[in-house]
Amino acid sequence: MVVAIMKGYIIFVIILMLLYTARHFYFTIVRLLGRQRFYYNDILTDRMKSISVLIPMHNEEQVLSNVLDSLLQCEYDRDRLEIIPINDNSIDRTREMLDEYHRKYEFIRPLHRDCPDRGKPVGLNDAMKLAKGEIIIVFDADYRPARNMLKQIALGFEDPQVGAVMGRVIPYNTNTNMLTRLINLERSGGYQVDQQARYNLKTIPQYGGTVGGFRKDFLLETGGFNPKVLAEDTELTYRLFTNGWKVVYANSAECYEESPESWNVRGRQIRRWSRGHNEVLFRYLIPTLTTPYMGLFQKIDGLFLLFIYAVPVFLLVGWVVSLGLFFLGEMQIFSGWWVILFLGIYNSLGNFAPFFEIGTSLIIDGLPGEALLLPLMMFNFFFYMWNISLGFWDAVVDTVTGRGVKWDKTVRFTVQKTEKEAEK
Amino acid sequence: MKEKKVIDYTRTYRRIEADKKKCVLYIVILLLLGFLLMWTQIDDLTRMICKICAGVLKKYEPHMYVGIRSETYPLFGKISYLSAETVYPGIQISLINAGISLGVIILLAGLPWKGRPLAIYLILCSAIHLINSLWFVFGEKYFPYTLTVYSKLYMLQEIGIWVMFFVMTVMVTGIIGDRGVIYKLLTLLAIMLYSIVFGTVRYAIFIWLLYRFSVIYMAFFYFMIGPMFDFLYLVMIYAVFVNRMIGVYDSRKGKGVWKWS
C-alpha cells in the first residue's frame, strides 16, 4: 500500500513536470513565432492621466538619489505627476536627503513614517491616502526607470478595463559576478518571453510590485494592501483578475534594477518571495476556481502560476520518495522515468524560465555571448529548491498559526561598490 | 554628431516570421527517423557499449568478472547490459563512510558560505551518502540491488536519456524559425554523440568504482551524479547553438526574418 502511494506520487510529479514543460514550450512558440499583442502604448493623448509615483524606502541613503534622479529625467507633464518617497522608519540619512529633494522639487513630497508597523504594504496604504493621482506607480528604491517609462505605464490605463500595468525589469549590474549574470538570464526569459507570451495569450500577466502601476480607486475600494501578505504584488494580480479587471504587460516600459550580488541575499529574497507567493496560493486557490470573471484558459494558467512556488516542494518530496523507493528495491520500473522527472526539474523550477525559454529570449534581445552561461543555471537548481521549500514552509506556518509577517529589505550594493572604487 | 546609417527597430516586440510548415516537417521527420533508428539499432548500440566497457574493465581489472547479458523489452526489443560481481562494503567501511558524510555535513553547515549552491549540493550529496552508509551499517543483507541490477538500471536510464534528449533537442531547435537548419542538425548530432560517448565512459567508470570500492556508492551515483550531469552538456551544446543563431538572425542571412507585429 505504502509503495503504491509512493509510486503514485512519483507519477503525479512526473505529470506535473510535463505539464509545466509543455506550458513553457507553448509560451516560447507564441512569443517567438506568433503575432505580438500590443497595448495602448502607441496612442497619443494631450491629457495624460495624473500619476503618483510611490517609492517605499527603509534606510535607502545609498540608492535613493539614483531612482529620484532617473524619475526627474522621465518625460511626463510635471503638473500631472507627483513623487511620494515613503520613508519608512529609516535611521540613516534618508529623511534629510528626501527633504532636500522636496526643497528643490515641489512635486516630490516625502511621507515620513515613524511608527512601529513597518513594511511595504502599510507604507503604500498610507501613501495612497495622500496621493492625488488616479494611477499609482510603484518603484523599489534601487530601480532606475527609463525616460519614457512613466508614459508607457500610464498609457496602458487608457483602456478602462485595465486595472494594472506591469513593465519589464532589466538588471543593470549584470557584469558584477556570476550570480548577477545568471539573474540577468532569468529576468530575460521571464519577461521577454514568459510575461509577453501570457499577455499575447490573454491569460495571466503578472503585476510584479515594482515597475508597474494600478488604479488607486480599485485598491482603496477593496481595502488597500493586506499587511499580512508578503507578496502584495501577486495578491493584487489575483484580486484584479477575480474582480473582472485586466492586467497589461508593457514590454516596452523598461526599468533597470540592482540584482542581489551575494548568494545569501539572493537566498533570503527567494525565500521571502516563496513565502509570500504561497500565502497567495492558499488565499486565492478557491476564488480563482470559482470566479465568474476569468475564462477557462485564464483559470488554468492562473492555477499554474499560483502553484509555481509550490512545485519545487513537490520535487523535493519526490526526491525523498524516490530515495525511499530506491531502498525498497522499487526503482526498476522508474529507471527510465527518472529522466523525465529530471527533465521537469530542470525546465520548470520555481518561477524561473527553462533553458529554451531563456535561449529564445536571448535571440529576441540579440544578446550574443550571454547564452554561453546557460549551463551554469543548473547549479542554481538545489539552491532554489532549498530556499523555495523553506519559504513554502514559512507560508504554511503563517497560515496555520496566523503568524504575522515581518518585512525584510533586500540589501543594496551600489554605494559599497562606489566606495571600493574610490579607494582604488 | 555622427549620422546613423542604420536605425534598428526596437527589440521589444520583434518576432521571427518562419514557415511553420517547414518547422513542423523538420520536427516530424526527425522524430520519425530518430525513433526508427532507436527501435532498430538499440540492440546493436547497447551491445557495442557493453563490449567496449567490458574490454576496458578487463584490461584494467584483470581479475574482475565481467559478462554481458541481455533482456527483451516490449518497446525497444533486446537490450544488453554488463553483469559483474557485487562487492559489499562491510561494517567498518560503512561506518567510516557514514562518519565522513556526517563530518562533511557538519563542516559545511557551519561555514559562512553554507547557503551557496555548491555547499547546498554537497550537503545533499553527503546526506544521501550518509543514509546509504547507515543502511549498510544496519542492514547490509537487505540492500535490494546487486551490481548487475544496477548495471541494468543504468542502461535503461541511458536509453531514457537518449530518447528524451533526442525529442527535446528536435523540439527546441525546431521552433527557432526555419533558418540555420545545418546548425540545428549539427546540434542534434553533437548532443546525441556526446550523450552516447559520455554515457559509455561513465558506465565503465561507475561499474569499476562500484566493484573496486563496493556498492556503498550506488545511491550517490544514481541520485547525485547521474542524469543531472547529462543536462549540463545538453544545455551547453544548446547554448552554443543559440549563440550561433543570434549571429544568424542578426546578420545578412537573417534579413527579412524579423517582423514587428
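Student: In which loop of chain A is the place of Asn59(A)?

Tutor: Asn59(A) sits in the loop between β1 (51-57) and α2 (64-72) of chain A. Keep in mind that this is a predicted model.

Student: What is the phi of Asn59(A)?

Tutor: Start with the general idea. Most residues other than glycine have a negative phi. Asn59(A) is not a glycine, yet its phi is positive, about 55°.

Student: Is Asn59(A) buried or partly exposed?

Tutor: Count neighbours. A residue is buried if 20 or more other C-beta atoms lie within 10 Å of its own, and exposed if 12 or fewer. Asn59(A) has 17 other C-beta atoms within 10 Å, so it is partly exposed.

Student: Where is Lys202(A) found, and what is its phi near?

Tutor: Lys202(A) lies in the loop between α6 (178-200) and β7 of chain A. Its phi is near 55°, a positive value in a residue other than glycine. Lys202(A) is partly exposed, because 13 other C-beta atoms lie within 10 Å.

Student: Now the sheet. In what order do the eight strands of chain A come?

Tutor: General idea: strands of a sheet pair through backbone hydrogen bonds, either parallel or antiparallel. In chain A the order is β3-β2-β1-β4-β7-β6-β8-β5. The sheet is open, and the pairing is mixed.

Student: Which are the edge strands?

Tutor: They are β3 (111-113) and β5 (144-145) of chain A. Each pairs on one side only.

Student: How do β1(A) and β2(A) run, parallel or antiparallel?

Tutor: Parallel. Seven bridges join β1(A) to β2 (residues 81-88) of chain A. To see one, find Leu54(A): its bridge partner in β2(A) is Ile84(A).

Student: And how do β6(A) and β7(A) run, parallel or antiparallel?

Tutor: Antiparallel. Three bridges join β6 (residues 162-171) to β7 (residues 212-215), both of chain A. Met166(A) has Gly212(A) as its bridge partner in β7(A).

Student: Which helix packs on the sheet, touching β6, β7 and β8 of chain A?

Tutor: Helix α8 (residues 232-242) of chain A. Its direction makes about 150° with that of β6(A).

Student: How many residues of β1(A) are buried?

Tutor: In a regular strand the side chains alternate between the two faces of the sheet. So check both faces. On one side of β1(A), Ile51(A), Val53(A), Ile55(A) and Met57(A) are buried. On the other, Ser52(A), Leu54(A) and Pro56(A) are buried. That is seven of the seven residues, so β1(A) is largely enclosed by the rest of the structure.

Student: How many residues does the contact between the chains take from each?

Tutor: It takes 51 residues from chain A and 51 residues from chain B. On the chain B side, α7(B) gives the most, with 14 residues. By class, that side has 37 nonpolar, eight polar and six charged residues.

Student: At what angle do α13(A) and α7(B) pack?

Tutor: Two packed helices are described by the angle between their axes and the distance between the axes. Helix α13 (residues 355-365) of chain A and helix α7 (residues 227-249) of chain B pack at about 20°, with axes 9 Å apart. They are therefore roughly parallel to each other. The crossing is right-handed.

Student: Which residues make the contact?

Tutor: From α13(A), Phe355(A), Gly359(A), Leu362(A) and Ile363(A). From α7(B), Val235(B), Tyr238(B), Val242(B), Met245(B), Ile246(B) and Tyr249(B). Nine of the contact residues are nonpolar, one is polar and none is charged.

Notes: Residues are numbered from 1 along each chain as its sequence is written. Chains are lettered from A and ligands numbered from 1 in the order in which they are written. This is a predicted model: local features need pLDDT of at least 70, side-chain atom pairs count only at pLDDT 80 or more; totals for chains, interfaces and linings use all residues. Axes are lines fitted to C-alpha atoms, for helices over the stretch in contact, and angles run from 0 to 180 degrees between N-to-C directions. Helices (H or I, at least four residues) and strands (E, at least two) are DSSP runs, numbered from the N terminus. Angles under 35 degrees count as roughly parallel, over 145 as roughly antiparallel, 65 to 115 as roughly perpendicular and the rest as oblique. A crossing is left-handed if the near helix is turned anticlockwise from the far one by less than a right angle, and right-handed if clockwise. Two residues are in contact if their C-beta atoms, placed from the backbone, lie within 7 Å. Ala, Val, Leu, Ile, Met, Phe, Trp, Tyr, Cys and Pro count as nonpolar, Asp, Glu, Lys and Arg as charged, and the others, Gly among them, as polar. Two strands pair if DSSP finds at least two bridges between them.
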